[in-house]
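Hi,

Here is the structure I promised to pass on to you.

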Amino acid sequence: MGPGAAALRPGMKPGPGGAGMRPGMGPAMGRPVNPRRERLPEWLARHQNLPLHQQEKLLRKEPGFGRLSPSQQARVMNRLRSLDAKTPLERRRILAWNQAFERLSPERRQEVRAAAQALHQMPPARRVMLQRAFRDLRGIPPEQRQEILNSARFVREYTPQERNVLSSLLSVEPYEPNGN
């Protein structure tokens with residue numbers, strides 16, 4: 001869904017939200033189901049008041065859906081079910097993340113993917129520290145995040161690589177002013 005206004009796409013990998021940072025969604029999602037490239041937010045907006053079983057039925061009728069492999073179809077259906085299980089706030093956040101991610105250049109997308117991978121490869125104690133900082137920083141307006149990342153406290157507590165990971169992941173993270 002990916003992370004811009006992501007289309008219903010297969011192949012999503014856990015993105016920055018894995019390990020407690022971005023629930024349920026990841027960046028790379030493959031090809032859209034609908035040849036008109038209707039995006040997930042628009043598709044969901046049109047079908048949001050329908051029960052999940054009706055959404056699934058409609059999705060199966062989408063022109064591009066039948067051209068997906070059975071495993072891709074299963075992944076798309078699982079993504080729909082996963083979104084359906086989220087609260088409206090979580091769903092909006094996931095879709096906003098996907099929209100921001102899709103607007104990135106291919107190079108920036110790769111940077112975000114690399115940052116997510118670097119985070120997941122960190123020792124558990126450091127990963128937890130960065131996840132906590134990430135959750136705190138997403139409650140800060142985007143224009144102030146970099147200032148905080150460059151503050152004396154952050155320079156003292158985090159390595160340049162860790163601050164770069166945070167900066168990259170936060171570049172697509174929606175602002176959540178009222179909490180984490």
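The chain exposes about 9,300 Å², and carbon and sulfur atoms supply 52% of that area. Accessible areas come from the Shrake-Rupley method with a 1.4 Å probe, and for residues only the protein chains shown count as cover. Before you go further, please note that this is a predicted model: local features need pLDDT of at least 70, side-chain atom pairs count only at pLDDT 80 or more, and totals for chains, interfaces and linings use all residues. Residues are numbered from 1 along each chain as its sequence is written, and side-chain values use heavy atoms, with hydrogens and water left out.

The chain has nine helices and zero strands, where helices (H or I, at least four residues) and strands (E, at least two) are DSSP runs numbered from the N terminus. Of its 180 residues, 45% count as buried, which stands for under 20% relative accessible area, with exposed over 50% and partly exposed in between (1.4 Å probe, protein chains only).

Now to the packing, starting with helix 2 (residues 52–61) and helix 3 (residues 70–85). Their axes come within 11 Å and cross at roughly 150°; axes are lines fitted to C-alpha atoms, for helices over the stretch in contact, and angles run from 0 to 180 degrees between N-to-C directions. Helix 2 and helix 3 are therefore roughly antiparallel. On this scale, angles under 35 degrees are roughly parallel, over 145 roughly antiparallel, 65 to 115 roughly perpendicular and the rest oblique. Leu52, Gln55, Glu56, Leu59 and Arg60 of helix 2 make the contact with Val76, Met77, Leu80, Arg81 and Asp84 of helix 3, contact being heavy atoms within 4.5 Å. By class, the residues of this contact are five nonpolar, one polar and four charged. Here Ala, Val, Leu, Ile, Met, Phe, Trp, Tyr, Cys and Pro count as nonpolar, Asp, Glu, Lys and Arg as charged, and the others, Gly among them, as polar.

Which of its residues are buried? They are Glu162, Arg163, Val165, Leu166, Ser168, Leu169 and Leu170. The buried residues of helix 9 pack against helix 5 (106–121), helix 6, helix 7 (142–149) and helix 8 (152–157).

With helix 6 (residues 124–137), helix 9 packs at an angle of about 40°, the axes being 10 Å apart, so helix 6 and helix 9 are oblique to each other. Arg126, Leu130, Ala133, Phe134 and Leu137 in helix 6 meet Glu162, Val165, Leu166, Leu169 and Leu170 in helix 9. That contact has eight nonpolar, no polar and two charged residues.

The axes of helix 5 and helix 9 come within 9 Å and cross at roughly 125°, which makes helix 5 oblique to helix 9 as well. Helix 5 brings Arg108, Glu111, Val112, Ala115, Ala116, Ala118 and Leu119 to the contact, and helix 9 brings Gln161, Val165, Ser168 and Leu169. These divide into seven nonpolar, two polar and two charged residues.

Glu162 counts as buried because its relative accessibility is 5%. Leaving aside neighbours within four places in sequence, Glu162 is in contact with Met122, Arg126, Leu130 and Glu157. Gly139 lies in the loop between helix 6 and helix 7. The C-alpha atoms of Gly139 and Tyr175 are separated by 5.9 Å, with the two residues 36 apart along the chain. Again leaving aside neighbours within four places in sequence, Gly139 is in contact with Tyr175, Glu176 and Pro177.

Best wishes
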